[in-house]
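Please read this report alongside the sequence and the model, which are shown below. Its sections take the sheets, the helices, the pairing of the chains and the backbone in turn.

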There are 2 protein chains.
Amino acid sequence: MLKVNDNYQKLPGSYLFSTIGKKVAAYTQANPDRKVIRLGIGDVTQPIAPAIIAAMHRAVDEMGKAETFHGYAPDLGYEFLRNAIVENDYRARGCEITADEIFVSDGAKCDSGNIQELFALDNRIAVTDPVYPVYVDSNVMAGRTGTYDEGAGVWSDVIYMPCTMENDFVPAFPKETPDVIYLCFPNNPTGTTITRKQLQTWVDYANKNGALIIYDAAYEAYISEEDVAHSIYECEGARTCAIELRSFSKNAGFTGVRLGFTVVPKELVFEGQPLNAMWARRHGTKYNGAPYIVQRAGEAVYSPEGKAQLKEQVATYMKNAHVIYGGLKEAGYTVFGGINAPYIWLKTPDGMTSWEFFDFLLEKANVVGTPGAGFGPSGEGYFRLTAFGSYENTVEALERIKAL
Amino acid sequence: MLKVNDNYQKLPGSYLFSTIGKKVAAYTQANPDRKVIRLGIGDVTQPIAPAIIAAMHRAVDEMGKAETFHGYAPDLGYEFLRNAIVENDYRARGCEITADEIFVSDGAKCDSGNIQELFALDNRIAVTDPVYPVYVDSNVMAGRTGTYDEGAGVWSDVIYMPCTMENDFVPAFPKETPDVIYLCFPNNPTGTTITRKQLQTWVDYANKNGALIIYDAAYEAYISEEDVAHSIYECEGARTCAIELRSFSKNAGFTGVRLGFTVVPKELVFEGQPLNAMWARRHGTKYNGAPYIVQRAGEAVYSPEGKAQLKEQVATYMKNAHVIYGGLKEAGYTVFGGINAPYIWLKTPDGMTSWEFFDFLLEKANVVGTPGAGFGPSGEGYFRLTAFGSYENTVEALERIKAL
């Protein structure tokens, strides 16, 4: 008689963005005449850059001819892509990463959900709070998080590191020592970040305690300040304590193209086991590579034309970020983020809960954002707006908010 | 201090096809003048069909324009693809499956590796022997298989159902009652299959025992006999006991395009938990959808032109299967499969082990196949050749084998 994985029953409600989707669908159905502007989910809106489109057309043509057809991809990804990643994302920044430490995948969401499979079930995980829900939920499904306190919105066996305006969104080392630490900088959802020097203290902390850092750098393309690290490997000692997750979704608009990669340095050895070999084994056993066409698209991201076009694309989103940041300030809100990230994090007004503010904004301004509470208990009283809309919609949304 | 998932250390050696790859690489490096013909790994060689190439070009163009750009896909996959699947793969065969029971993914390997996450760790799994390695290895990684007996090549907590020439490759119901039963028909690696009537007895057995069947139908496009089921849902009662895995890799040559789907009927309820909702939750939390371009490619598989072109593609591979089957017979081998599947399974001659025959064939005929022992203990003494090579190479390989 089949027994199900009962950890699934512990998961409260549905995935955050599904809930938002349903609320918005219900509203638009009831109010078909209203133009709803979505600044909620972190999905991009600009089309794929011309250099990448051209590369995909070429790759599609290759797939249509016997001489240039590509079947199963190499387990870790094509060398042309892994070499481009090493050269541009790491060597150019002085980080020592080699191509056999790069694992190409279909996106950072999958990687951040799957990476916990390498760890024993009795490890304690630590997350910044608020946090991208996948880190916690994937550990819930594995049975690593204990029991859920519905009222407090916390798991008994998860170590939360609050990031709020009180500590400038810089997490403090937790009282209990974690085994796995999830860090995401520039941060989703808060849009804030920490300096290279502050990140170095986390690397030192992890090395001292034998902990592993899962470093999510999905938003590194939006960094504008000099003292912010683009990769954790800019910090000394990170090769012995950190895995880095990267995405092409936000720097190149690949949310519907699907490409990411994970960096697992060979010095990452715990209990005598190299995590690089373990992750390679997982890739070889349970994954079959990103599409050839998509890996060629990824290569084009690093071409001179691709780089120039994407720099412009990122700049366009950051122009939106300035519109949101400035507009909210003008309207009297307390605002964070938006400098090194495409997210703006605001304090909800008048003591509203973040879901109350969600409903308020949807109904009064027809603008969709993301309630901070959906990202963890310390997100309560905050709200996220993203810069991924069109410029026109972003300006209009802010006009509406200012008029409230 | 991070503790690793020590189940990984129980895995013997490396993944089968990595081992073969290394052996072949070593041989070709030592003998650069020899033309090695690969009939080993189940990778296709024919280019993607014109109707599908055209659909991908159109989709690439859409991604390059703001008005037709597609970001994150719906969790379960686009409706246009799920509807085409329902219509062509199920309704046309009289199977009652609805679009919300279809979960589009990046391939059956991922799905067959991931599906076990829905089950408790103390379920007993049963596999036919020999078997596609992913079913067992993914359960090893989860800790569901007990200890490995290197000599016998078996896991203490896995129920093996031998499929050999002695029982016509038809598994018998096991002595111990399993909770999860992995079945793959037409079978990889043996290329044999069972009749619809025989499959019905497995559906009845599963329903009687509260077991779940994971039915891998990746090779259904190669079925040529009337009394073989294309889907397990052709059997009465399958909706309460079976999940079906499907792939576009073999029917449409998508090994490098990456697309598959899983069917999880809503009647699949165990311990009060609907597996459809659990799998939806997993998809929503740990997966972000197959690329838009690839889902459009999948849609084109079901277009009239796509169907006609793929029918021809499958026929070409089956022509190879006949060449291999006939050639081996002629050379005096005992041969199975090749009628409803692109795989030919042969008895190794002169009491050779299957790895001995691998080396023999590589060195004497420069032909790469797959040793049966790599698929499980009952694969010992057998060897797999695939029909996925080019016609010319297949003919040449068989000439060489006949000349041995």
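## The seven-stranded sheet

In chain A, seven strands make up an open sheet of mixed pairing, in the order β2-β10-β9-β8-β7-β3-β6; strands pair if DSSP finds at least two bridges between them, and helices (H or I, at least four residues) and strands (E, at least two) are DSSP runs numbered from the N terminus. The edges are β2 (102-105) and β6 (158-162) of chain A, each of which pairs on one side only. On average, neighbouring strands of this sheet are turned by 20 degrees against each other, direction ignored; axes are lines fitted to C-alpha atoms, for helices over the stretch in contact, and angles run from 0 to 180 degrees between N-to-C directions.

This is a predicted model, in which local features need pLDDT of at least 70 and side-chain atom pairs count only at pLDDT 80 or more, while totals for chains, interfaces and linings use all residues. Residues are numbered from 1 along each chain as its sequence is written, and chains are lettered from A and ligands numbered from 1 in the order in which they are written.

Within the sheet, β7 (residues 180-184) and β8 (residues 212-216) of chain A run parallel and are joined by five bridges, with Ile181(A) standing opposite Ile213(A) of β8(A). Helix α3 (residues 79-90) of chain A lies across β2 and β10 (260-263) of chain A, and runs at about 120 degrees to β2(A); residues are in contact if their C-beta atoms, placed from the backbone, lie within 7 Å.

## The four-stranded sheet

Another open sheet of chain A has four strands in the order β13-β14-β17-β16, with antiparallel pairing. Its edge strands are β13 (335-337) and β16 (370-371) of chain A, each pairing on one side only. Strands β14 (residues 343-347) and β17 (residues 382-386) of chain A run antiparallel and are joined by five bridges, and the bridge partner of Lys347(A) in β17(A) is Tyr382(A). Helix α9 (residues 304-330) of chain A lies across β13, β14 and β17 of chain A, at about 15 degrees to β14(A).

## A helix pair in chain B

Two packed helices are described by the angle between their axes and the distance between the axes. In chain B, helix α9 (residues 304-330) and helix α11 (residues 391-402) pack at an angle of about 5 degrees, with their axes 9 Å apart. The helices α9(B) and α11(B) are therefore roughly parallel to each other; angles under 35 degrees count as roughly parallel, over 145 as roughly antiparallel, 65 to 115 as roughly perpendicular and the rest as oblique.

Among the residues that meet are Val323(B), Ile324(B) and Gly327(B) in α9(B), and Val395(B), Leu398(B) and Ile401(B) in α11(B). The residues of this contact of α9(B) with α11(B) divide into six nonpolar, four polar and three charged, where Ala, Val, Leu, Ile, Met, Phe, Trp, Tyr, Cys and Pro count as nonpolar, Asp, Glu, Lys and Arg as charged, and the others, Gly among them, as polar.

## How the chains meet

Chain A can be laid on chain B with an RMSD of 0.0 Å by a turn of 180 degrees and a shift of 0.0 Å along the axis, the superposition being by least squares on the C-alpha atoms of residues with pLDDT of at least 70 in both copies. The two copies are thus related as by a two-fold rotation axis. In chain A, His57(A) has the C-alpha nearest the axis, 3.1 Å from it.

The contact takes 69 residues from chain A and 70 residues from chain B. On the side of chain A that touches chain B, the elements giving two or more residues are α2 (50-63), α4 (108-114), α5 (133-142), α7 (275-286) and α8 (292-301) of chain A, and α2(A) gives the most, with six residues. The residues of that side divide into 35 nonpolar, 20 polar and 14 charged. Since 100% of the interface residues of chain A are also interface residues in chain B, the copies meet through the same surface.

## Backbone details

Most residues other than glycine have a negative phi, and most peptide bonds are trans. A cis peptide bond, with omega about -15 degrees, joins Phe185(A) and Pro186(A), and Pro186(A) is placed in the loop between β7 and α6 (196-209) of chain A. Arg258(A), in the loop between β9 (242-247) and β10 of chain A, has a positive phi, near 75 degrees.

Key. Two residues are in contact if their C-beta atoms, placed from the backbone, lie within 7 Å.
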